[in-house]
Amino acid sequence: MYDITVIGAGITGTFIARELSKYDLNILLLDKENDVANGTTKANSAIVHAGYDAAEGTLKAKFNVRGNEMFDEICRDLDVPFKRVGSLVTAFNHEEMETIRCLYQRGITNGVPDMKIINQEEIMELEGNIKEDIQGALYAKTGGIVGPWELAIALAENAVENGVELQLNRPVTAIKKGEEGYRITAGNSTYKTKIIINCAGVYADQIDQMINEKTFEILPNRGEYNLFDKSMGNLVNTVVFGCPSAAGKGTVILPTVHGNLLLGPTAEPIDNKEDTRTTFEGLTTINDHARDTLKQIGFSEVITSFSGIRAKVETKDFIIEKAAGKEDFINVAGIDSPGLTAAPAIAEYVTEMAKESAASMGMSFNKKETFNNRRTPSIHFMELSRKEQEGLIEKDSRFGRVICRCENITEGEIVDVINRKAGATTLDGVKRRARPGSGRCQGGFCAPRVMEILARELNVEMKDVLKDGLGSYILTEQTK
Ligand SMILES: Cc1cc2nc3c(=O)[nH]c(=O)nc-3n(C[C@H](O)[C@H](O)[C@H](O)COP(=O)(O)OP(=O)(O)OC[C@H]3O[C@@H](n4cnc5c(N)ncnc54)[C@H](O)[C@@H]3O)c2cc1C
(Lines give C-alpha, C1' and ligand atoms only; values in the text may rest on other atoms or scores of the structure.)
Protein backbone atom coordinates (compact mmCIF):
# COMPACT_ATOMS: atom_id res chain seq x y z
CA MET A 1 0.00 0.00 0.00
CA TYR A 2 1.46 3.37 -1.06
CA ASP A 3 0.75 6.50 0.99
CA ILE A 4 0.59 8.74 -2.09
CA THR A 5 0.49 7.97 -5.83
CA VAL A 6 1.27 10.75 -8.30
CA ILE A 7 -0.15 10.06 -11.77
CA GLY A 8 1.90 11.77 -14.51
CA ALA A 9 5.66 12.34 -14.59
CA GLY A 10 5.80 15.69 -16.39
CA ILE A 11 7.20 18.80 -14.73
CA THR A 12 4.18 19.03 -12.37
CA GLY A 13 4.26 15.40 -11.22
CA THR A 14 8.06 15.21 -10.88
CA PHE A 15 8.18 18.45 -8.86
CA ILE A 16 5.43 17.16 -6.55
CA ALA A 17 7.02 13.70 -6.17
CA ARG A 18 10.38 15.30 -5.34
CA GLU A 19 8.78 17.68 -2.81
CA LEU A 20 6.95 14.75 -1.17
CA SER A 21 10.22 12.79 -1.01
CA LYS A 22 11.27 15.20 1.76
CA TYR A 23 8.82 13.29 3.99
CA ASP A 24 8.80 9.80 5.40
CA LEU A 25 6.19 8.48 2.97
CA ASN A 26 5.79 5.56 0.61
CA ILE A 27 5.41 7.34 -2.75
CA LEU A 28 4.69 6.00 -6.23
CA LEU A 29 5.11 8.06 -9.44
CA LEU A 30 3.34 6.54 -12.46
CA ASP A 31 3.47 7.45 -16.15
CA LYS A 32 2.01 5.86 -19.24
CA GLU A 33 5.09 6.67 -21.34
CA ASN A 34 8.48 4.93 -21.40
CA ASP A 35 10.26 8.03 -20.09
CA VAL A 36 9.57 10.98 -17.81
CA ALA A 37 8.76 14.38 -19.41
CA ASN A 38 7.31 12.82 -22.55
CA GLY A 39 4.12 14.96 -22.57
CA THR A 40 3.84 18.76 -22.79
CA THR A 41 7.01 19.13 -20.72
CA LYS A 42 9.14 18.10 -23.69
CA ALA A 43 7.68 20.70 -26.11
CA ASN A 44 7.25 24.27 -24.87
CA SER A 45 9.02 27.64 -24.96
CA ALA A 46 11.22 26.83 -21.93
CA ILE A 47 10.67 30.31 -20.47
CA VAL A 48 10.72 31.04 -16.76
CA HIS A 49 8.14 33.81 -16.95
CA ALA A 50 8.45 36.93 -14.80
CA GLY A 51 4.72 36.89 -13.92
CA TYR A 52 3.06 40.01 -15.40
CA ASP A 53 1.01 38.02 -17.86
CA ALA A 54 -1.43 36.09 -15.62
CA ALA A 55 -4.66 37.83 -14.55
CA GLU A 56 -4.59 39.40 -11.09
CA GLY A 57 -5.77 37.18 -8.23
CA THR A 58 -5.45 33.90 -10.13
CA LEU A 59 -3.50 30.82 -9.06
CA LYS A 60 -1.46 31.33 -12.22
CA ALA A 61 -0.35 34.78 -11.07
CA LYS A 62 0.44 33.63 -7.53
CA PHE A 63 2.41 30.51 -8.47
CA ASN A 64 4.19 32.14 -11.41
CA VAL A 65 5.81 34.80 -9.24
CA ARG A 66 6.64 32.41 -6.39
CA GLY A 67 7.86 29.71 -8.83
CA ASN A 68 10.12 32.16 -10.67
CA GLU A 69 12.00 33.10 -7.49
CA MET A 70 12.60 29.40 -6.65
CA PHE A 71 14.44 28.56 -9.88
CA ASP A 72 18.03 29.60 -8.99
CA GLU A 73 18.27 27.33 -5.97
CA ILE A 74 16.50 24.33 -7.50
CA CYS A 75 18.48 24.41 -10.75
CA ARG A 76 21.72 24.76 -8.78
CA ASP A 77 20.84 21.81 -6.53
CA LEU A 78 19.82 19.62 -9.46
CA ASP A 79 22.56 20.75 -11.88
CA VAL A 80 20.09 21.90 -14.55
CA PRO A 81 20.79 24.69 -17.08
CA PHE A 82 18.99 27.94 -16.15
CA LYS A 83 19.79 31.51 -17.21
CA ARG A 84 18.11 34.70 -15.99
CA VAL A 85 18.49 36.49 -19.32
CA GLY A 86 15.56 38.90 -18.79
CA SER A 87 12.53 39.37 -21.05
CA LEU A 88 11.13 42.12 -23.27
CA VAL A 89 7.59 42.67 -24.49
CA THR A 90 7.97 44.76 -27.63
CA ALA A 91 5.73 47.66 -28.68
CA PHE A 92 5.91 48.99 -32.24
CA ASN A 93 2.97 51.45 -32.13
CA HIS A 94 0.82 53.55 -29.83
CA GLU A 95 -1.71 50.78 -29.15
CA GLU A 96 1.05 48.32 -28.19
CA MET A 97 2.61 50.94 -25.89
CA GLU A 98 -0.76 51.09 -24.08
CA THR A 99 -0.77 47.29 -23.78
CA ILE A 100 2.71 47.13 -22.24
CA ARG A 101 1.73 49.84 -19.71
CA CYS A 102 -1.22 47.62 -18.68
CA LEU A 103 1.12 44.62 -18.42
CA TYR A 104 3.47 46.66 -16.24
CA GLN A 105 0.58 47.59 -13.90
CA ARG A 106 -0.54 43.96 -13.77
CA GLY A 107 3.02 42.92 -12.96
CA ILE A 108 3.07 45.38 -10.05
CA THR A 109 -0.23 43.97 -8.74
CA ASN A 110 1.09 40.40 -9.13
CA GLY A 111 4.24 41.31 -7.17
CA VAL A 112 6.77 41.03 -10.03
CA PRO A 113 10.09 42.67 -9.06
CA ASP A 114 12.60 44.50 -11.32
CA MET A 115 10.37 45.59 -14.21
CA LYS A 116 10.49 48.82 -16.18
CA ILE A 117 9.30 50.29 -19.45
CA ILE A 118 12.33 51.13 -21.57
CA ASN A 119 12.70 53.35 -24.65
CA GLN A 120 14.10 52.68 -28.12
CA GLU A 121 17.67 53.60 -27.14
CA GLU A 122 17.66 51.30 -24.11
CA ILE A 123 16.21 48.47 -26.19
CA MET A 124 18.97 48.87 -28.78
CA GLU A 125 21.58 48.51 -26.04
CA LEU A 126 20.04 45.19 -25.01
CA GLU A 127 18.99 43.95 -28.45
CA GLY A 128 20.87 45.45 -31.38
CA ASN A 129 19.10 43.17 -33.86
CA ILE A 130 15.56 44.50 -33.18
CA LYS A 131 14.17 46.79 -35.88
CA GLU A 132 14.82 50.47 -35.17
CA ASP A 133 11.15 51.52 -35.47
CA ILE A 134 10.39 49.89 -32.10
CA GLN A 135 8.86 52.45 -29.71
CA GLY A 136 9.33 50.84 -26.31
CA ALA A 137 9.30 47.58 -24.37
CA LEU A 138 8.42 46.15 -20.99
CA TYR A 139 11.70 44.84 -19.59
CA ALA A 140 11.52 42.25 -16.79
CA LYS A 141 14.90 41.32 -15.35
CA THR A 142 13.63 38.17 -13.67
CA GLY A 143 12.54 36.45 -16.91
CA GLY A 144 14.69 33.43 -17.70
CA ILE A 145 15.23 30.29 -19.76
CA VAL A 146 15.62 26.71 -18.56
CA GLY A 147 15.99 23.16 -19.90
CA PRO A 148 12.41 21.93 -19.19
CA TRP A 149 12.84 18.20 -19.77
CA GLU A 150 16.30 18.28 -18.16
CA LEU A 151 14.64 19.75 -15.08
CA ALA A 152 11.88 17.11 -14.97
CA ILE A 153 14.40 14.30 -15.50
CA ALA A 154 16.63 15.73 -12.75
CA LEU A 155 13.63 15.99 -10.40
CA ALA A 156 12.66 12.37 -11.12
CA GLU A 157 16.24 11.20 -10.54
CA ASN A 158 16.48 13.11 -7.27
CA ALA A 159 13.05 11.88 -6.16
CA VAL A 160 14.09 8.27 -6.87
CA GLU A 161 17.39 8.83 -5.04
CA ASN A 162 15.22 9.96 -2.10
CA GLY A 163 13.05 6.85 -2.12
CA VAL A 164 10.21 7.53 -4.62
CA GLU A 165 9.27 4.51 -6.74
CA LEU A 166 9.04 5.47 -10.44
CA GLN A 167 7.03 3.15 -12.69
CA LEU A 168 7.00 3.90 -16.43
CA ASN A 169 4.97 2.20 -19.20
CA ARG A 170 1.99 2.23 -16.81
CA PRO A 171 -1.08 3.81 -18.49
CA VAL A 172 -3.70 4.26 -15.78
CA THR A 173 -6.95 2.82 -17.13
CA ALA A 174 -9.11 2.39 -14.02
CA ILE A 175 -9.37 3.66 -10.45
CA LYS A 176 -11.61 1.99 -7.86
CA LYS A 177 -12.23 3.06 -4.30
CA GLY A 178 -12.11 0.30 -1.67
CA GLU A 179 -12.33 0.28 2.10
CA GLU A 180 -8.61 0.91 2.42
CA GLY A 181 -7.94 3.55 -0.20
CA TYR A 182 -7.76 3.30 -3.98
CA ARG A 183 -6.92 0.48 -6.36
CA ILE A 184 -5.27 1.77 -9.55
CA THR A 185 -5.02 -0.33 -12.71
CA ALA A 186 -2.02 0.75 -14.78
CA GLY A 187 -0.85 -1.44 -17.65
CA ASN A 188 -0.68 -5.02 -16.35
CA SER A 189 -0.16 -3.88 -12.77
CA THR A 190 -2.45 -2.81 -9.95
CA TYR A 191 -1.42 -0.54 -7.11
CA LYS A 192 -3.09 0.29 -3.79
CA THR A 193 -2.74 3.80 -2.46
CA LYS A 194 -4.22 6.02 0.25
CA ILE A 195 -4.00 9.33 -1.67
CA ILE A 196 -3.99 10.09 -5.43
CA ILE A 197 -2.52 13.26 -6.97
CA ASN A 198 -3.63 13.64 -10.58
CA CYS A 199 -0.97 15.39 -12.73
CA ALA A 200 -1.86 13.75 -16.05
CA GLY A 201 -1.58 16.87 -18.24
CA VAL A 202 -3.93 16.80 -21.23
CA TYR A 203 -5.47 13.57 -19.83
CA ALA A 204 -6.14 14.93 -16.32
CA ASP A 205 -9.88 15.07 -17.11
CA GLN A 206 -9.95 11.37 -18.04
CA ILE A 207 -8.09 10.35 -14.86
CA ASP A 208 -10.46 12.50 -12.75
CA GLN A 209 -13.55 11.03 -14.37
CA MET A 210 -12.42 7.44 -13.67
CA ILE A 211 -13.69 8.02 -10.12
CA ASN A 212 -15.24 11.51 -9.82
CA GLU A 213 -18.19 13.43 -11.31
CA LYS A 214 -17.15 15.50 -14.33
CA THR A 215 -16.28 19.06 -13.24
CA PHE A 216 -13.78 20.12 -15.90
CA GLU A 217 -12.67 19.29 -19.40
CA ILE A 218 -9.21 19.69 -20.94
CA LEU A 219 -9.31 21.71 -24.17
CA PRO A 220 -6.13 20.89 -26.12
CA ASN A 221 -4.40 23.77 -27.85
CA ARG A 222 -1.34 23.34 -30.07
CA GLY A 223 1.74 25.57 -30.29
CA GLU A 224 4.25 25.15 -33.13
CA TYR A 225 7.96 26.04 -33.16
CA ASN A 226 11.04 26.40 -35.35
CA LEU A 227 14.42 25.66 -33.74
CA PHE A 228 17.52 27.21 -35.33
CA ASP A 229 21.16 26.15 -35.42
CA LYS A 230 23.57 27.69 -32.92
CA SER A 231 24.86 29.98 -35.70
CA MET A 232 21.63 32.00 -35.05
CA GLY A 233 21.83 31.64 -31.24
CA ASN A 234 23.08 35.18 -30.62
CA LEU A 235 20.47 37.01 -32.72
CA VAL A 236 18.74 37.90 -29.44
CA ASN A 237 20.08 37.99 -25.89
CA THR A 238 16.81 38.14 -23.95
CA VAL A 239 13.37 36.53 -24.33
CA VAL A 240 11.70 38.81 -26.90
CA PHE A 241 7.89 38.62 -26.80
CA GLY A 242 5.64 40.14 -29.42
CA CYS A 243 2.92 42.32 -27.91
CA PRO A 244 -0.09 40.26 -26.75
CA SER A 245 -3.38 40.92 -28.52
CA ALA A 246 -6.91 39.52 -28.56
CA ALA A 247 -5.45 36.69 -30.71
CA GLY A 248 -3.06 35.52 -28.00
CA LYS A 249 -0.01 36.05 -25.83
CA GLY A 250 2.25 36.95 -28.73
CA THR A 251 4.98 35.03 -30.50
CA VAL A 252 8.40 34.73 -28.84
CA ILE A 253 11.96 34.89 -30.15
CA LEU A 254 14.46 33.56 -27.65
CA PRO A 255 17.83 31.96 -27.11
CA THR A 256 17.80 28.47 -25.60
CA VAL A 257 19.99 27.44 -22.67
CA HIS A 258 22.15 25.47 -25.10
CA GLY A 259 22.72 28.43 -27.45
CA ASN A 260 20.15 27.81 -30.22
CA LEU A 261 17.43 30.21 -31.34
CA LEU A 262 13.75 29.30 -30.85
CA LEU A 263 10.71 30.85 -32.58
CA GLY A 264 7.12 30.16 -31.61
CA PRO A 265 4.55 29.23 -30.52
CA THR A 266 1.28 29.44 -32.40
CA ALA A 267 -1.97 28.91 -30.47
CA GLU A 268 -4.56 26.69 -32.14
CA PRO A 269 -7.47 24.82 -30.53
CA ILE A 270 -7.44 21.17 -31.70
CA ASP A 271 -9.59 18.07 -31.10
CA ASN A 272 -6.97 15.36 -30.86
CA LYS A 273 -4.72 15.45 -27.77
CA GLU A 274 -1.98 13.58 -29.66
CA ASP A 275 -1.95 15.83 -32.75
CA THR A 276 1.59 17.20 -32.52
CA ARG A 277 2.02 17.91 -36.21
CA THR A 278 3.50 21.14 -37.54
CA THR A 279 1.80 23.00 -40.38
CA PHE A 280 2.88 25.29 -43.21
CA GLU A 281 0.49 28.00 -41.93
CA GLY A 282 1.70 27.75 -38.33
CA LEU A 283 5.40 27.90 -39.15
CA THR A 284 4.82 30.72 -41.66
CA THR A 285 3.06 32.77 -38.94
CA ILE A 286 5.97 32.51 -36.52
CA ASN A 287 8.58 33.14 -39.23
CA ASP A 288 6.68 36.25 -40.39
CA HIS A 289 6.66 37.55 -36.81
CA ALA A 290 10.46 37.15 -36.58
CA ARG A 291 10.90 38.84 -39.97
CA ASP A 292 8.77 41.79 -38.74
CA THR A 293 10.73 42.10 -35.47
CA LEU A 294 14.38 41.43 -36.31
CA LYS A 295 16.77 43.18 -38.69
CA GLN A 296 18.30 39.87 -39.73
CA ILE A 297 17.54 36.16 -39.44
CA GLY A 298 18.54 33.20 -41.65
CA PHE A 299 15.65 30.81 -42.19
CA SER A 300 17.93 28.25 -43.87
CA GLU A 301 19.36 27.65 -40.38
CA VAL A 302 16.18 25.93 -39.06
CA ILE A 303 17.29 22.49 -37.81
CA THR A 304 13.94 21.14 -36.65
CA SER A 305 10.26 22.02 -36.15
CA PHE A 306 7.99 20.65 -33.43
CA SER A 307 4.79 21.37 -31.52
CA GLY A 308 3.44 20.98 -27.98
CA ILE A 309 -0.12 20.72 -26.63
CA ARG A 310 -1.44 23.07 -23.94
CA ALA A 311 -3.91 21.63 -21.39
CA LYS A 312 -6.37 24.53 -21.35
CA VAL A 313 -9.58 24.66 -19.30
CA GLU A 314 -12.72 26.80 -19.50
CA THR A 315 -11.86 28.85 -16.36
CA LYS A 316 -8.42 29.81 -17.82
CA ASP A 317 -6.81 29.19 -14.41
CA PHE A 318 -5.01 26.20 -12.88
CA ILE A 319 -7.35 23.72 -11.18
CA ILE A 320 -5.60 22.67 -7.98
CA GLU A 321 -8.19 21.27 -5.61
CA LYS A 322 -9.52 18.17 -3.93
CA ALA A 323 -12.24 16.35 -5.85
CA ALA A 324 -15.72 17.10 -4.45
CA GLY A 325 -16.31 15.26 -1.18
CA LYS A 326 -12.89 13.58 -1.25
CA GLU A 327 -9.95 14.34 1.04
CA ASP A 328 -7.76 11.77 -0.71
CA PHE A 329 -7.95 12.78 -4.40
CA ILE A 330 -6.17 15.97 -5.50
CA ASN A 331 -6.52 17.30 -9.05
CA VAL A 332 -3.62 19.34 -10.44
CA ALA A 333 -5.16 20.09 -13.83
CA GLY A 334 -5.37 22.76 -16.51
CA ILE A 335 -1.64 23.34 -16.06
CA ASP A 336 -1.00 25.28 -19.24
CA SER A 337 1.41 28.21 -19.45
CA PRO A 338 3.02 29.34 -17.10
CA GLY A 339 2.95 25.79 -15.73
CA LEU A 340 6.66 25.19 -16.14
CA THR A 341 7.50 28.35 -14.17
CA ALA A 342 4.82 27.73 -11.56
CA ALA A 343 5.64 24.04 -11.00
CA PRO A 344 7.94 24.43 -7.94
CA ALA A 345 5.36 26.65 -6.23
CA ILE A 346 2.52 24.28 -7.19
CA ALA A 347 4.53 21.44 -5.61
CA GLU A 348 4.87 23.37 -2.32
CA TYR A 349 1.12 24.11 -2.28
CA VAL A 350 0.02 20.58 -3.19
CA THR A 351 2.31 19.14 -0.51
CA GLU A 352 0.51 21.33 2.08
CA MET A 353 -2.84 20.06 0.72
CA ALA A 354 -1.62 16.46 1.00
CA LYS A 355 -0.47 17.15 4.56
CA GLU A 356 -3.99 18.33 5.48
CA SER A 357 -5.52 15.28 3.81
CA ALA A 358 -3.13 12.99 5.66
CA ALA A 359 -4.00 14.66 8.98
CA SER A 360 -7.73 14.18 8.37
CA MET A 361 -7.08 10.51 7.56
CA GLY A 362 -4.87 9.91 10.60
CA MET A 363 -1.82 9.33 8.39
CA SER A 364 1.61 10.47 9.60
CA PHE A 365 3.49 13.03 7.48
CA ASN A 366 6.91 13.61 9.04
CA LYS A 367 10.04 15.23 7.59
CA LYS A 368 12.73 12.78 6.56
CA GLU A 369 16.16 13.52 8.00
CA THR A 370 17.98 11.74 5.19
CA PHE A 371 16.56 13.87 2.32
CA ASN A 372 19.33 14.84 -0.10
CA ASN A 373 18.47 17.96 -2.13
CA ARG A 374 21.35 17.46 -4.60
CA ARG A 375 21.27 14.88 -7.35
CA THR A 376 24.40 13.08 -8.49
CA PRO A 377 25.85 15.68 -10.91
CA SER A 378 25.88 14.81 -14.60
CA ILE A 379 29.09 14.88 -16.63
CA HIS A 380 29.59 17.56 -19.32
CA PHE A 381 32.92 16.50 -20.80
CA MET A 382 33.51 19.52 -23.03
CA GLU A 383 32.98 21.91 -20.11
CA LEU A 384 35.86 20.33 -18.14
CA SER A 385 39.42 21.64 -18.11
CA ARG A 386 41.98 19.81 -20.25
CA LYS A 387 43.46 18.27 -17.08
CA GLU A 388 40.07 17.04 -15.84
CA GLN A 389 39.30 15.58 -19.28
CA GLU A 390 42.58 13.70 -19.34
CA GLY A 391 41.95 12.39 -15.82
CA LEU A 392 38.49 11.15 -16.82
CA ILE A 393 39.80 9.42 -19.97
CA GLU A 394 42.50 7.74 -17.93
CA LYS A 395 39.85 6.33 -15.57
CA ASP A 396 37.42 5.41 -18.38
CA SER A 397 38.57 5.42 -22.02
CA ARG A 398 34.95 5.82 -23.22
CA PHE A 399 35.27 9.54 -22.42
CA GLY A 400 37.93 9.67 -25.14
CA ARG A 401 35.49 8.58 -27.87
CA VAL A 402 33.35 11.40 -29.33
CA ILE A 403 30.01 10.04 -30.55
CA CYS A 404 28.12 13.23 -31.45
CA ARG A 405 30.37 15.51 -33.48
CA CYS A 406 27.91 18.44 -33.61
CA GLU A 407 27.58 18.75 -29.82
CA ASN A 408 30.86 16.99 -28.90
CA ILE A 409 29.30 14.31 -26.71
CA THR A 410 31.40 11.34 -25.62
CA GLU A 411 30.48 7.68 -25.19
CA GLY A 412 31.16 8.04 -21.46
CA GLU A 413 28.43 10.69 -21.10
CA ILE A 414 25.93 8.53 -23.01
CA VAL A 415 26.66 5.48 -20.87
CA ASP A 416 26.26 7.66 -17.77
CA VAL A 417 22.74 8.86 -18.69
CA ILE A 418 21.60 5.33 -19.54
CA ASN A 419 22.79 3.92 -16.23
CA ARG A 420 21.53 6.68 -13.90
CA LYS A 421 18.39 6.42 -11.74
CA ALA A 422 15.44 7.13 -14.08
CA GLY A 423 17.96 6.60 -16.91
CA ALA A 424 17.40 6.78 -20.67
CA THR A 425 16.07 3.75 -22.54
CA THR A 426 15.45 5.34 -25.98
CA LEU A 427 17.35 7.36 -28.58
CA ASP A 428 15.43 10.56 -27.74
CA GLY A 429 15.75 9.79 -24.02
CA VAL A 430 19.54 9.87 -24.44
CA LYS A 431 19.23 13.03 -26.56
CA ARG A 432 17.17 14.83 -23.91
CA ARG A 433 19.72 13.96 -21.20
CA ALA A 434 23.14 14.18 -22.90
CA ARG A 435 22.29 15.99 -26.19
CA PRO A 436 23.71 13.68 -28.91
CA GLY A 437 21.51 14.35 -31.96
CA SER A 438 20.56 17.89 -30.86
CA GLY A 439 22.95 19.60 -33.25
CA ARG A 440 22.97 20.59 -36.87
CA CYS A 441 22.75 17.02 -38.29
CA GLN A 442 19.95 16.05 -35.85
CA GLY A 443 21.43 12.61 -35.26
CA GLY A 444 22.17 11.82 -38.91
CA PHE A 445 25.68 10.76 -37.96
CA CYS A 446 25.49 9.66 -34.33
CA ALA A 447 22.07 7.94 -34.09
CA PRO A 448 23.37 4.46 -35.15
CA ARG A 449 26.28 4.77 -32.68
CA VAL A 450 23.92 5.77 -29.85
CA MET A 451 21.64 2.85 -30.74
CA GLU A 452 24.60 0.45 -30.47
CA ILE A 453 25.45 1.83 -27.03
CA LEU A 454 21.81 1.61 -25.89
CA ALA A 455 21.53 -2.00 -27.10
CA ARG A 456 24.78 -2.94 -25.34
CA GLU A 457 23.99 -1.19 -22.03
CA LEU A 458 20.36 -2.34 -21.86
CA ASN A 459 21.25 -5.81 -23.14
CA VAL A 460 18.66 -5.75 -25.93
CA GLU A 461 18.89 -6.24 -29.70
CA MET A 462 19.52 -3.18 -31.90
CA LYS A 463 16.15 -3.63 -33.59
CA ASP A 464 14.41 -3.34 -30.20
CA VAL A 465 15.85 0.13 -29.56
CA LEU A 466 13.11 2.75 -29.83
CA LYS A 467 13.37 6.30 -31.10
CA ASP A 468 11.02 7.70 -28.44
CA GLY A 469 7.52 6.58 -27.43
CA LEU A 470 6.15 3.04 -27.42
CA GLY A 471 6.22 1.42 -30.88
CA SER A 472 8.64 3.94 -32.40
CA TYR A 473 10.93 1.25 -33.82
CA ILE A 474 13.76 2.38 -36.08
CA LEU A 475 15.04 -0.94 -37.51
CA THR A 476 12.93 -3.85 -38.75
CA GLU A 477 15.38 -6.75 -39.14
CA GLN A 478 19.03 -7.71 -39.37
CA THR A 479 20.26 -7.83 -42.99
CA LYS A 480 23.94 -8.71 -42.60
C1 LIG B 1 3.31 25.54 -26.78
C2 LIG B 1 3.55 25.64 -25.29
C3 LIG B 1 4.41 26.60 -24.78
C4 LIG B 1 4.61 26.72 -23.41
N5 LIG B 1 5.55 27.56 -22.94
C6 LIG B 1 5.77 27.66 -21.61
C7 LIG B 1 6.79 28.51 -21.11
O8 LIG B 1 7.59 29.07 -21.85
N9 LIG B 1 6.88 28.66 -19.77
C10 LIG B 1 6.05 28.03 -18.91
O11 LIG B 1 6.14 28.27 -17.72
N12 LIG B 1 5.11 27.16 -19.35
C13 LIG B 1 4.98 26.95 -20.68
N14 LIG B 1 4.06 26.08 -21.17
C15 LIG B 1 3.30 25.29 -20.21
C16 LIG B 1 4.10 24.09 -19.70
O17 LIG B 1 4.81 23.47 -20.74
C18 LIG B 1 3.12 23.12 -19.07
O19 LIG B 1 2.39 23.82 -18.11
C20 LIG B 1 3.81 21.95 -18.38
O21 LIG B 1 4.76 21.33 -19.21
C22 LIG B 1 2.75 20.96 -17.95
O23 LIG B 1 3.38 19.92 -17.29
P24 LIG B 1 2.53 18.71 -16.72
O25 LIG B 1 3.46 17.88 -15.96
O26 LIG B 1 1.33 19.25 -16.02
O27 LIG B 1 1.98 17.96 -18.02
P28 LIG B 1 2.76 16.93 -18.96
O29 LIG B 1 4.15 17.32 -19.19
O30 LIG B 1 1.91 16.74 -20.16
O31 LIG B 1 2.78 15.61 -18.09
C32 LIG B 1 1.64 14.81 -17.89
C33 LIG B 1 2.10 13.38 -17.81
O34 LIG B 1 0.99 12.56 -17.52
C35 LIG B 1 1.15 11.34 -18.20
N36 LIG B 1 -0.15 10.69 -18.34
C37 LIG B 1 -1.22 11.14 -19.03
N38 LIG B 1 -2.23 10.26 -18.97
C39 LIG B 1 -1.79 9.22 -18.21
C40 LIG B 1 -2.37 7.98 -17.81
N41 LIG B 1 -3.61 7.62 -18.16
N42 LIG B 1 -1.62 7.14 -17.05
C43 LIG B 1 -0.35 7.48 -16.68
N44 LIG B 1 0.24 8.63 -17.06
C45 LIG B 1 -0.47 9.49 -17.81
C46 LIG B 1 1.75 11.76 -19.53
O47 LIG B 1 2.42 10.69 -20.18
C48 LIG B 1 2.68 12.88 -19.12
O49 LIG B 1 4.01 12.45 -18.92
C50 LIG B 1 3.88 25.89 -22.53
C51 LIG B 1 3.04 24.90 -23.06
C52 LIG B 1 2.91 24.75 -24.43
C53 LIG B 1 2.09 23.64 -24.98
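This is a predicted model: local features need pLDDT of at least 70, side-chain atom pairs count only at pLDDT 80 or more; totals for chains, interfaces and linings use all residues.
# Reading contacts, cores and a ligand shell

Reader: How many residues does the largest nonpolar core have?

Author: A nonpolar core is a set of buried Ala, Val, Leu, Ile, Met, Phe, Trp, Tyr and Cys residues joined through side-chain atoms within 4.5 Å. Buried means under 20% relative accessible area, exposed over 50%, and partly exposed in between, using a 1.4 Å probe and protein chains only. Here the largest core has 56 residues, and I4, L20, L151, I197, I320 and V332 have the most contacts inside it.

Reader: And which elements each supply at least two residues of this core?

Author: Elements are DSSP runs numbered from the N terminus: helices (H or I) of at least four residues and strands (E) of at least two. At least two core residues come from each of β1 (2–7), α1 (11–20), β2 (27–30), α2 (59–78), α5 (148–161), β12 (189–198), β20 (329–333) and α8 (339–360). Helix α8 gives the most, with ten residues. Apart from this core lies another, of 26 residues, with I7, V172, Y191 and A323 among them.

Reader: Now the ligand. Which of the 38 residues around it come nearest?

Author: A residue counts as near a molecule if one of its heavy atoms lies within 4 Å of it. Of the 38 residues around the ligand, T12, D31, T41, I335 and T341 come nearest. By class, this shell has 17 nonpolar, 15 polar and six charged residues. Ala, Val, Leu, Ile, Met, Phe, Trp, Tyr, Cys and Pro count as nonpolar, Asp, Glu, Lys and Arg as charged, and the others, Gly among them, as polar.

Reader: Which side chain has an N or O atom 2.7 Å from an oxygen atom of the ligand?

Author: For polar contacts, look for a pair of N or O atoms within 3.5 Å; within protein, one must be able to donate a hydrogen and the other to accept it, and residues adjacent in sequence count only if both atoms are side-chain atoms. The side chain you ask about is that of T341. The backbone takes part too: an N or O atom of S45 lies 3.2 Å from a ligand nitrogen, and one of A46 lies 3.5 Å from a ligand oxygen. Taken alone, the ligand exposes 1,000 Å², of which the protein buries 96%. Those areas come from the Shrake-Rupley method with a 1.4 Å probe; for residues, only the protein chains shown count as cover.

Reader: Is N44 buried or exposed?

Author: N44 is buried, with a relative accessible area of 18%. This residue sits in the loop between β2 and β3 (47–48). Its side chain reaches the backbone oxygen of T40 at 3.2 Å and that of T41 at 3.3 Å.

Reader: Why is helix α11 (residues 427–434) said to be largely enclosed?

Author: Seven of its eight residues are buried, so α11 is largely enclosed by the rest of the structure. Its buried residues pack against α5, β22 (409–410), α10 (411–419) and α12 (447–458).

Reader: Which residues does a cis peptide bond with omega of about -15 degrees join?

Author: That bond joins G264 and P265. P265 belongs to the loop between β16 (261–264) and β17 (268–269). A cis bond also joins S337 and P338, with omega about 10 degrees, and P338 is placed in the loop between β20 and α8.

Methods
Residues are numbered from 1 along each chain as its sequence is written. Side-chain values use heavy atoms; hydrogens and water are left out. Contact means heavy atoms within 4.5 Å.
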